[in-house]
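Have the sequence and the structure open as you read.

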Amino acid sequence: MDVVLTALGELIEPSRLLMLACGVLAGLVIGVIPGIGGIFGLTLLVPLTYALDPYAAFALLLGMSSVLTTSDTIPAVLIGVPGTVGAIATVMDGHPMAKKNQAGRAFGAAYTSSMIGGVFGALVLAASIPIMKPLVLFLNFGDLLAVTIFGLTLVAILAGSAPVKGLIAALLGILAGYVGLDPQLGTERWTFGELYLWEGLPVAVIFLGLFGIPELASLFFRGQIQISSTKPEPGGVRRGIRDALREWKLVLSSSTIGSLLGAVPGIGIIIIDWIAYARATRRRRPGDVPYGEGNVRGVIAPESANNAKESGSLIPTIALGIPGSVTMAILLGAFTIQGLTPGPRMLTEHAPILVAMILSIALANIMGAGLCLALTRHLVKLALVPARVLVPLAIVFVAVGAFVVKKDVLDLAFLISFGLLGIVMHNLSWPRAAFALGFVLGPNLERFSFLTLQLSGWSWLTQPVVIAILALTVFAVVQRERARRRSVGTALPQAYPLVNIGFTGLLATLAVYCLVTASQLPFDAGVFPMVTSGLLAALTIAYLAYLVFVRIRPQPSSPSAPIGRFGSEVLLLVPAAGLAVLMLAFGRYIAAIGFIIACGLWLGGTKLPRLIVRALVVALVIFIVFDLLVPQTWPKPWLFGF
Amino acid sequence: MTFRTAASLALAVVVLSTPTAAFDANRVSIQVGFPPGASYDLLARSAGNQLGQYLPGNPQIIVENVDGAGGLRLLNLYLQTGPRDGSAVIMISPSVPLDRVLAPETTTYDPQRFQYILTFGNAPTYCVTTAASGLDTFDKLITTPGVVMASVGTSSTFYAAVAIERIFGADFNIVTGFRGVAEVNLSLARGEAHAFCGISSSEFERMRAAFDMHVVAELAPERFGLIEGAEFILDRVQDPTTREALALIFFSNRVRFPVVAHPDTPPETVTILRDAFLAAATDPAFVEDMDRLGIEISVTPGAEVQALVDQLYQTDPAIQAAARALIQ
């Protein structure tokens, strides 16, 4: 108790609370801008901690990192673009809620869940202090492999009524995850001589393309975020808060998933979110909104889990000095800057600092959620702002956010390419989430398999945790399959059947190419890609045969998918590609200003002086975030500019 | 004061405050080939805090992480498009100078052409074992069958493990595929792996704070003898060719944390950068930061590094071939 009071006494000093507030503000801003994320934020803030004492330093850093997954909900719900990779699962139901005039409700539920999840995670961290070390050492690579296999079965849930498409999308994602140097031998796999690809396809760029661009294209043709033009639902925020409180069991169970799995190095935030989301989808009462169409539980579960994860991931960092992610590695650097050595001494001589860290996380979550709730009334008004205003601005930030990843022309090329893939998958009802899950879990499946077999041989299959997880996996798949069979006949007919056949044919060709090229790799480097591409080839060819020879009903025109919309959405990639070329030719400022003015003039409805002001404000934000706060060297524009 | 006097004074101020022609950058970028949070990154940021005051015109110093492919992405980008005026320098892997010796077929760059500014480190790495494994001596490490030896991909940790296995006929089960030292530490702590070779003293200290470890061997081209009980590995090798080949493999420990300028940087600019970096590396504030971070600093000036690298490439080809054979 003395330790807690000492920590509290140290933390509530005004200068340290100010640091916490600064961290929270920085985190909220960074979370809103798609593509940048926690690494960017910590890189920005760590140098400032050199001159601070440990209490102030960790108040600043943890204040920032604790609330990233609170504010990343804003673009996820409003425009369907995840602010960080931790908000991808939130897009699934959060964005459909915004379309249905329920943005306020989605925000209310999300922030309340985030706050409870964050505080709950901090409590778990506090409670785990005495058992931190055995907790971290409890799971080995065999167990992680079993968790990965379990994670892959979530595809069955994310695929909905299209299991074959889900499986194909997941296999495609897994194959995409194998691009780069293989983890065993360092052999190049589908890198085409590009050093850029040695570390694999960049996650942030791929997800911005796959999820962000299609949603922006769809929003553009919808006209505004809300489908109807009625005013934002009155009392929506309060309703969302009540939803989260009513679903307290879901909030706590998702927070438990977040904090416990967060403590296991190697399991990223994306898989944690999807596990929480999938768990939420297991319950659907009659009359409930289907998942993926705006069910509030689909927002509550991932938002609770991703805020709780932050505390969980601190456990191995504090207990053993072993960072589970790049973000934690940076935080570990901050420990050494402060002269703190992670390990048992954190629990004895540095215990007040550790407790102050836990309090910082809890306070930051409360502050972050409180601030966001206070802003929500204004944010929901964005749902009625015309898409012709919002979309060009969002595209600029998505493009700059993607380009800042490696500042390479390939950042933009992949953004556009995966944007195209996303639009095609979205319109043909191929589950993008299944692709995302495969992309994240595929490399883990390969690496953990090799490590497990090298360290434990086949005896890993006799480990109690492995047996339990695999049994749970089988149970979940069987249960899902039964549910699917019960609902057979409710599946929607295929939209754009000919395009679907063409797309499937393209995938089959790609799979065969991958199979042939993977077979030429050394065994260790090629075995997983070969098996995956073999399965993909078999499935796509079988599905193609089904599409061609078993006639499927063409979908009549409907308001949600009018004929011609698909082509128009693809055409929207042209201005996005134009922006990319402008950025390369003239630099980010001229490109952003030129793009916003050109789009405004093309789409009409805004006077030139107002367009110029809007463009200059965007350029100013880019300058502050990407040049002033974190100075960096940008590639020289091809023609002129800066 | 007449207008003419005022104008002359103003001109004099401008001339005096203008950086020398050999170096006129307003901003200098230290580009690091590794991710934020790594010891490279922390070191670069600390050095960057001091560097500006020692360069003409006191330019702004920024540190950027251009990670990927173990630093090779940065190296290749820099060689292709990096500025030649000293406004950007890079921190690369210490194994880069050795690449043309150990992997001549796949190395496209010439490490002898680089303009070495300085290296911040000259320290051994170590072979460590977990206390739980009972392998408390180097002898036990190489004679106990089935030792699980962790290594990170095909990095220097893998080379060290393979070379020791070949030279001493050890029966290691070398496990590759760990993503980084953090994952290796976790595996050692869990008892899945027993040993790890090629770890720095700062990493080792961090690891030892969390669980009990033994240091059984010191890996370096020359003996340091900083940790009691750690056998100097070259003392165990009798054959002169093998001994020299092993020393060659551990050359990277001699040139840790290298800072490099573009090969086409003018010599006078290189001299300015070398002097400034040397001053920053001995600045008390930097030294204090390094003490706090537990990063051992032992600076080698750029000209000396250049000479060491030249010397490396004059090694007897038979020894170079023996080194390649040891790690293949």
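Buried area is the accessible area, found with a 1.4 Å probe, that two parts lose on being put together, summed over both. Chain B and chain A bury about 3800 Å² between them, and 59% of that is on carbon and sulfur atoms. On the chain B side, B:R73, B:R190 and B:R206 lose the most area to chain A, together 17% of what that side buries. Counting contacts (heavy atoms within 4.5 Å), 45 residues of chain B touch 48 residues of chain A.

A quick word on ground rules. This is a predicted model, where local features need pLDDT of at least 70 and side-chain atom pairs count only at pLDDT 80 or more, while totals for chains, interfaces and linings use all residues. Residues are numbered from 1 along each chain as its sequence is written, chains are lettered from A and ligands numbered from 1 in the order in which they are written, and side-chain values use heavy atoms, with hydrogens and water left out.

Now for the helices, which are DSSP runs (H or I, at least four residues) numbered from the N terminus.

| Helix pair | Axis distance | Angle |
|---|---|---|
| α7(A) and α15(A) | within 7 Å | roughly 25 degrees |
| α6(A) and α14(A) | 8 Å | about 40 degrees |

So α7(A) is roughly parallel to α15(A), as angles under 35 degrees count as roughly parallel, over 145 as roughly antiparallel, 65 to 115 as roughly perpendicular and the rest as oblique. By that scale, α6(A) is oblique to α14(A). In this second pair, A:I88, A:A89, A:M92 and A:D93 of α6(A) meet A:D273, A:W274 and A:Y277 of α14(A).

What about A:R297? It sits in helix α15 (residues 297-320) of chain A. A:R297 is buried, with a relative accessible area of 6%; buried means under 20%, exposed over 50% and partly exposed in between (1.4 Å probe, protein chains only). Beyond its neighbours within four places in sequence, A:R297 has contacts that include A:E247, A:R283 and A:Y291.

Over in chain B, eight of the 10 residues of helix α7 (residues 181-190) are buried, so this helix is largely enclosed by the rest of the structure. Among them are B:E183, B:L186 and B:R190. Just after α7(B), B:G191 takes a positive phi of about 90 degrees.

Key:
Helix = DSSP H or I, 4+ residues; strand = E, 2+ residues; numbered from the N terminus. Axes fitted to C-alpha atoms, helices over the stretch in contact; angles between N-to-C directions.
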